[in-house]
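I wrote them down in the order in which I looked things up.

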Amino acid sequence: MLNRQGRPSAPEAGSAGAGFTTWTGHRGLAHEEPLSFEQGAKGRTAVDLPEIPKVADRLGGLAREGEIGLPGLSEPQVVRHFVRLSRQNYAIDLGVYPLGSCTMKHNPRLNEKLARLPGFADLHPMQPMATIQGALELMAQLGGWLSKLTNMPAIAMSPAAGAHGELCGLLTIRAALEARGDKRKRVLVPESAHGTNPATAAFCGYTVDPIPATADGRVDLEAFRKKLGSDVAAVMLTNPNTCGLFEREIIEVADAIHAAGGFFYCDGANFNAIVGRVRPGDLGIDAMHINLHKTFSTPHGGGGPGSGPVALSAALAPYAPLPYVVQEGDKFRLVEETEGEAKPFGRLKGFHGQMGMFVRALTYMMSHGGDGLKQVAEDAVLSANYIMAALGDVMTAPFEGPCMHEALFDDRFLKGTGVTTLDFAKAMIDEGYHPMTMYFPLVVHGALLIEPTETESKEALDEFIGALRHLAERAKAGDTARFTGAPYLAPRRRLDETAAARQPVLRWTPAQ
Ligand SMILES: Cc1ncc(COP(=O)(O)O)c(C=O)c1O
């Protein structure tokens, strides 16, 4: 039975926990945690503040008239509240986090140590240039590594995530087209693309024209060629694509879009599969974002603050957004205004980007070195193929042959079991795992997309494979309720995910 908040209610007599007649909502060491607003007392604070003298006109008539409405909590209450909440979550520090396309890999502690150095952690973006020389040099160095790894001459550092990088890339392309008086209208996007690709193109005012996939999960080159025309601004292609496959005809795609006068945007979310082995600039790519929180191991942080620098070709470099770092002799300068030959399309953020992520990413690069990064890609691909091979007899793969860094399965192995991809994913929670990405990419029916990354040991992979094998066998054996009712062992059961996405309640309103 479920209580008001959707978690299992007190054990029934005769079950584990027999003898309880009342129930607090806590389960073992997992507490049922009220909102911070529902705890504490009016006027309580975690720090002692001096009495602020009342000066009538201090705020020019803008002084607050009512209550501020913050919860009154002591320091231990605050600490416990957030620690208790964190214990209800899954995390990369708890176990394998197989979300495909998201690259949830270990965040090395060395990165954290360096990011916490006071010289980096205590900087303020409005400090005078002379006092932030080290930070600017670090940004220039990180840009240099990205430029070398992509073989692309310019790097826009300010985007705050992959999707923000896509926006940066398409605005740069639009500026380059407008500079030559070319008002193109269409952007071609493969059907398998991540949702942010068409969303970005539409946001920039383009019509999105989908490119179909071939039976082997790749872009249909002939269909793509047929869609080209003088109104096509760009193609947005992901490589390796979201089916975890390398787009073998990528050079033909680049040649064709260039011949048609358009630009080639590459979604670089999956760069971790090819870093050190393939340089996107060599493939004819004009713009590509790199999610530092995927390839270069910086934390995801619940959607931000991330970092999505964009590598640009020589044709697009002049249109890169402000601000950017230049080196003049042994000094570094953040360019904030249009100068010289540059024609920046504008700026994406108030400041220069996520310094904490820059420090972590550069630490990761320098601690691996060029050969180490190449091995990152090789190990990520090896791990995914290991999973693919180990589960090939109990789960079904939509495409033949080896994969890149992600193992993709469809739901044919669940046919006739009464278990859906969603049920299967929820049952993984009861086995102690975060579910894999499900129902994406859209071109595969009931997709289950697993990205193990290079940071998992063979033992961890074997344990994970064991859990999936067990579940696949249980589903086929008719143990349906185990799936349709899952998760049984989580702090919350099945939530209304549609309402959560479409009508999110993001604000607490006090009871009247
Ligand atoms: C293929 C692909 N493109 C773009 C994005 C968007 O990146 P971000 O989450 O950094 O905005 C993602 C994120 O998962 C992705 O997997």
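I began with the accessibility of W508: at 31% relative accessibility W508 counts as partly exposed, the class between buried (under 20% relative accessible area) and exposed (over 50%), with a 1.4 Å probe and protein chains only. For F37 I found 33% relative accessibility, so F37 counts as partly exposed too.

Before going on I noted the basis of these values: the model is predicted, local features need pLDDT of at least 70, side-chain atom pairs count only at pLDDT 80 or more, and totals for chains, interfaces and linings use all residues. Residues are numbered from 1 along each chain as its sequence is written, and side-chain values use heavy atoms, with hydrogens and water left out.

Aromatic pairs. I looked up how many there are and found six in the structure, where rings of Phe, Tyr and Trp (its six-membered ring) pair if their centres lie within 6.5 Å, and planes under 30 degrees apart count as stacked, over 60 as edge-to-face and the rest as tilted. Because F37 belongs to the segment before α1 (75-87) and W508 to the segment after α13 (497-502), the pair ties together parts that are 471 residues apart in sequence; helices (H or I, at least four residues) and strands (E, at least two) are DSSP runs, numbered from the N terminus.

Next I checked Y433 and F464, which form an edge-to-face pair with 5.1 Å from centre to centre and 75° between the planes. Y433 sits in the loop between α10 (421-430) and β11 (437-438) and F464 in helix α11 (residues 458-476), so this pair ties together parts that are 31 residues apart in sequence. Are these two residues buried or exposed? Both Y433 and F464 are buried. I also noted that ring pairs link F413, F424 and F483 into a cluster.

Three-stranded sheet. I followed β11 into an open sheet of three strands in the order β10-β12-β11, with antiparallel pairing, where two strands pair if DSSP finds at least two bridges between them. β10 (407-409) and β11 are at the edges with a single partner strand each, so one side of each is left without a neighbour in the sheet. Helix α9 (residues 355-391) packs on this sheet and touches β10 and β12, contact being heavy atoms within 4.5 Å. The direction of α9 makes about 35° with that of β10; axes are lines fitted to C-alpha atoms, for helices over the stretch in contact, and angles run from 0 to 180 degrees between N-to-C directions.

Seven-stranded sheet. I then looked up the open sheet with the order β1-β7-β6-β5-β4-β2-β3, whose pairing is mixed. Its edge strands are β1 (154-156) and β3 (207-211), each pairing on one side only, and the twist averages 25° from one strand to the next.
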